[in-house]
Amino acid sequence: MVPRHCYRQRQPHNCEWSEGNRGLELWRRDPVECIRELIGNPAYKEFLAYAPEHVFTSADGNERIYDETWTGDWWWETQAKVPQGSTIAPIILASDKTQLSQFGGDKLAWPVYLTIGNIAKEVRRKPTAHATVLIGYLPVAKLDCCSNATRSEVGYRLFHRCMQLLLQPLIKAGRNGERMVCADSRICRVHPILAAYIADFPEQCLVACCKESYCPKCRVKPEDRGEPLESLYQDPDRTTTILDQKATGRRVKAYKSEGMRPVFEPFWKALPYTDIFSCFTPDILHQLHKGIFKDHLVKWCTEIAGAAEIDARFRAMPEFPGLRCFKNGISFVSQWTGREHREMQKVFIGILTGAVQPRVLRAATAAVDFIYYSQLHIHTTVTLQALGDALATLHEHKGVFIDAGVRENFNFPKFHQLVHYVTAIQSRGSANGYNTESPERLHIDFAKKAYRASNRREYVSQMATWLRRQESVVEFKKYLDWRLDNQGVRSRIRGEDDEDNEDDEDGDVDGEDEREPNKYLDWRLDSQGVRSRNCGEDDEDDEDDEDVDVDGEDERKPGTRSQINDGPQHTTTRAHRLLALKPGFPALTVDKISTSFAPNFLHSLRIYLQRTNLPPRSHTPPNTCDLFNAYKRMTLVLPDIPSVGRYNCKVRIRALPFTPGCAGRKAKPSYFQTVLVRVPDDRENPNTAGTVLEGLRVAQLRLIFELPEHLRTPFKPHLLAYIEWFNPFRPRDTNNHLFPVSRQIHQRAPVAEVINITRIESPCYLIPRFGAQCDNSWTSANVLEQVILSCSVCQYGYILS
């Protein structure tokens with residue numbers, strides 16, 4: 001944030017970039033003081049590192065982990081250059097020009113943000129943690145005083161001059177070090193050194209003083225950017241020497257051949273221990289989501305398969321909580337964001353299957369694999385090898401797009417940048433810690449909201465005043481949190497909502513809200529291991545508002561299994577299950593269940609009771625006179641997967657019958673979700689051995705119910721599910737890497753079974769196998785029911801849900 005002691009620097013009106021007699025204003029704050037505040041903030045004490053680390057998956061040290069900044073090679077290499085005993089503060093800068101006015105006008109701001117790599121990325125990427133600070137506003141000048149021929153060159157030099165003034169304090173501090181009080185109350189000599197610069201591709205070229213037709217990291221020729229070449233990396237000393245020689249008027253061959261710009265005093269020239277060209281980090285948002293995927297891959301595949309066919313397939317995709325359904329196709333989407341790109345990537349390979357030739361499918365699969373591997377929050381030597389293999393496969397099959405006539409060559413910048421991803425991750429840590437989505441989100445707090453608080457005239461000074469006041473409130477809030485933490489109150493940093501997850505990923509199919517269990521209710525654990533409310537209290541709330549714990553655990557701990565499981569225990573972490581306090585469908589008759597939910601319900605229940613050796617108390621088998629309580633949904637708290645950043649993830653599994661319309665409401669189609677079920681005897685399936693699907697099979701959940709009292713046996717499970725099986729997974733498709741499955745049919749009817757609900761591990765998304773052409777009668781509501789279908793398990797949707 002702009003601090004209380006922020007001051008502005010006005011450029012003299014007689015310089016080359018002055019605008020009339022006004023000059024230009026640079027709003028800045030001391031970056032060294034910002035670093036002092038961040039590294040000494042006691043709120044970040046648990047999330048700070050002061051030295052580099054080598055982390056391995058096992059004690060033998062064969063597989064290395066690349067995660068945080070301090071696990072990369074750069075910190076190790078730089079630590080050897082500073083005096084022994086010193087502490088490095090890896091500076092992470094981000095700059096991006098942004099539009100302030102919403103519907104018109106030319107009001108722009110150019111904020112520069114700073115954070116340090118000592119702070120864990122899970123904290124510094126959260127806007128609510130305030131671990132990234134605003135250190136200045138660069139002037140956005142029209143430069144009307146310059147001619148058309150010189151305006152762009154003057155703009156380049158203006159940017160570097162402003163950044164030079166902004167970062168001037170870092171030169172002395174980086175070379176000699178600064179004594180700072182760290183969050184652990186120790187005094188260290190800290191060397192703030194520029195480690196990473198987060199920017200989109202045009203701004204990377206602006207910082208690197210090169211044209212946008214050249215690579216800002218290496219010396220590859222523009223005509224060779226489409227090939228997987230290992231070119232020499234740019235060298236800061238060599239680049240500054242070329243620029244110095246050009247400034248004297250000499251003819252320098254390398255100046256033109258390497259596409260340099262006439263910036264003779266780049267701001268990074270005097271920064272100690274800084275290689276600006278290696279500081280550029282992967283830009284997942286612009287290079288992958290928007291660039292490789294949306295602007296290129298989707299466009300090429302749509303031209304090959306036909307826009308109408310692709311739209312028809314998107315319209316026919318089954319609904320799934322947390323997954324966007326493009327009911328009108330993708331051709332008519334007017335505004336694309338990173339969210340839409342990610343939603344398309346989850347199903348795009350399944351969409352293409354059958355619509356394009358196998359070579360195109362293999363190339364598209366390799367591109368999507370590369371995108372998903374690059375987003376991993378924790379990389380290892382193995383995942384980096386897989387990342388490189390995906391890129392090699394893409395280069396191997398990319399020629400099919402030239403043969404199809406949708407592409408002439410691949411000499412464009414975003415395609416070439418892929419070759420630098422592995423090296424960048426090994427040097428600075430996983431790419432998700434440097435994504436441009438973070439500064440894009442910060443624009444809301446530091447630019448757009450501040451602008452709306454002004455009167456739109458001389459708005460920069462008003463924005464600075466507004467931000468100073470906001471900072472005062474935040475600083476006081478930090479102080480209160482720190483005092484509460486000292487009194488034993490839990491830190492709020494981890495408890496804050498991450499802005500990346502601000503949208504409801506779970507969706508709302510049945511139109512009901514779900515609240516957390518009321519912590520003030522009096523709970524007891526009954527003999528069946530189901531957490532329920534004290535029977536002595538009356539409940540006036542809606543029947544589906546409260547959730548109860550099915551697994552009978554007080555707290556889910558990472559790395560532990562459910563306490564109650566049907567069958568042998570496995571080494572994998574198990575999901576945690578919650579059900580509504582009261583059933584959504586109370587007292588259902590067998591006839592109602594058979595017609596709306598489970599056609600073969602009574603027979604399957606009898607088989608389950610016989611197989612599990614659970615004789616009912618009355619010794620009377622279930623019959624058509626029995627009444628059953630059924631639930632609309634079950635909530636699963638999935639196991640944490642740190643490598644994809646999944647923590648405390650809750651998903652809902654629904655089993656809803658057709659609801660006729662009434663009183664002006666539209667009818668709702670039935671919605672029976674597909675799930676992954678633990679099958680102990682299926683662990684020998686060689687097709688899934690060693691994968692996340694080992695020991696699992698797909699089934700369609702038709703009913704969640706509980707046994708009536710007279711059918712229950714003490715200390716035995718009474719919460720059950722009626723499912724319809726799919727056949728075991730067949731071998732993975734070599735073209736799209738998906739596992740084909742199909743419904744299990746016996747005597748022209750689905751094979752059904754009643755199981756304990758603790759065997760349900762996760763929701764599962766199935767993609768219909770469309771063939772060469774999509775059937776126009778298929779819709780998202782009926783495709784799973786109409787087709788005796790062969791589906792593919794969407795591996796991305798399962799792993800990243």
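This is a predicted model: local features need pLDDT of at least 70, side-chain atom pairs count only at pLDDT 80 or more; totals for chains, interfaces and linings use all residues.
Q: How many helices and strands are in the chain?
A: Helices (H or I, at least four residues) and strands (E, at least two) are DSSP runs, numbered from the N terminus. The chain has 23 helices and 30 strands.

Q: What percentage of the residues in the chain is buried?
A: Buried means under 20% relative accessible area, exposed over 50%, and partly exposed in between, with a 1.4 Å probe and protein chains only. Of the 801 residues in the chain, 55% are buried.

Q: What share of the contacts with a separation of 6 or more joins residues 24 or more positions apart?
A: A contact means heavy atoms within 4.5 Å. Among contacts with a separation of 6 or more, 70% are between residues 24 or more positions apart.

Q: How do helices α1 and α5 pack?
A: Two packed helices are described by the angle between their axes and the distance between the axes. Axes are lines fitted to C-alpha atoms, for helices over the stretch in contact, and angles run from 0 to 180 degrees between N-to-C directions. Here α1 (residues 31–39) and α5 (residues 169–176) pack at about 55 degrees, with axes 8 Å apart. That makes α1 oblique to α5, given that angles under 35 degrees count as roughly parallel, over 145 as roughly antiparallel, 65 to 115 as roughly perpendicular and the rest as oblique.

Q: Which residues make the contact of α1 with α5?
A: From α1 they are P31, V32 and I35; from α5, P169, L170 and A173. By class, six are nonpolar, none is polar and none is charged. The classes are: Ala, Val, Leu, Ile, Met, Phe, Trp, Tyr, Cys and Pro nonpolar; Asp, Glu, Lys and Arg charged; the others, Gly among them, polar.

Q: What is the strand order in the open sheet of three strands?
A: Two strands pair if DSSP finds at least two bridges between them. The order is β3-β4-β11, with antiparallel pairing. β3 (55–56) and β11 (379–380) are the edge strands, each pairing on one side only. Strand β4 (residues 64–66) is joined to β11 by two bridges, and I65 stands opposite T380 in β11.

Q: How many bridges join β17 to β16 and to β22?
A: Strand β16 (residues 585–589) and strand β17 (residues 627–631) run antiparallel and share three bridges, with F585 opposite A630. β17 also pairs with strand β22 (residues 696–706), again antiparallel and over three bridges. In that pairing Y631 stands opposite I704.

Q: Is α6 mostly covered or mostly uncovered, and what follows α6?
A: Helix α6 (residues 201–208) is mostly covered, with seven of its eight residues buried. The buried residues are F201, E203, Q204, C205, L206, V207 and A208. Just after α6, C209 takes a positive phi of about 60 degrees, although C209 is not a glycine. C209 lies in the loop between α6 and α7 (236–247) and is buried, at 1% relative accessible area.

Q: Where is N648, and is N648 buried or exposed?
A: N648 sits in the loop between β18 (633–637) and β19 (650–656). N648 is exposed, with a relative accessible area of 60%. Its phi is positive, about 50 degrees, although N648 is not a glycine. V637 is eleven residues away along the chain, and the C-alpha atoms of N648 and V637 are separated by 6.5 Å.

Q: Where is N118, and what does N118 touch?
A: N118 is in the loop between β7 (108–116) and α3 (121–124), and is buried with a relative accessible area of 0%. Not counting residues up to four places away in sequence, N118 touches F47, L48, A49, Y50, W70, W75, I88, A89 and P90.

Q: How many disulfides does a search of the whole structure find?
A: A disulfide is a pair of cysteine sulfur atoms within 2.5 Å. The search finds zero. Among the cysteines, C301 is buried at 0% relative accessible area and C649 is buried at 16%.

Technical notes:
Residues are numbered from 1 along each chain as its sequence is written. Side-chain values use heavy atoms; hydrogens and water are left out.
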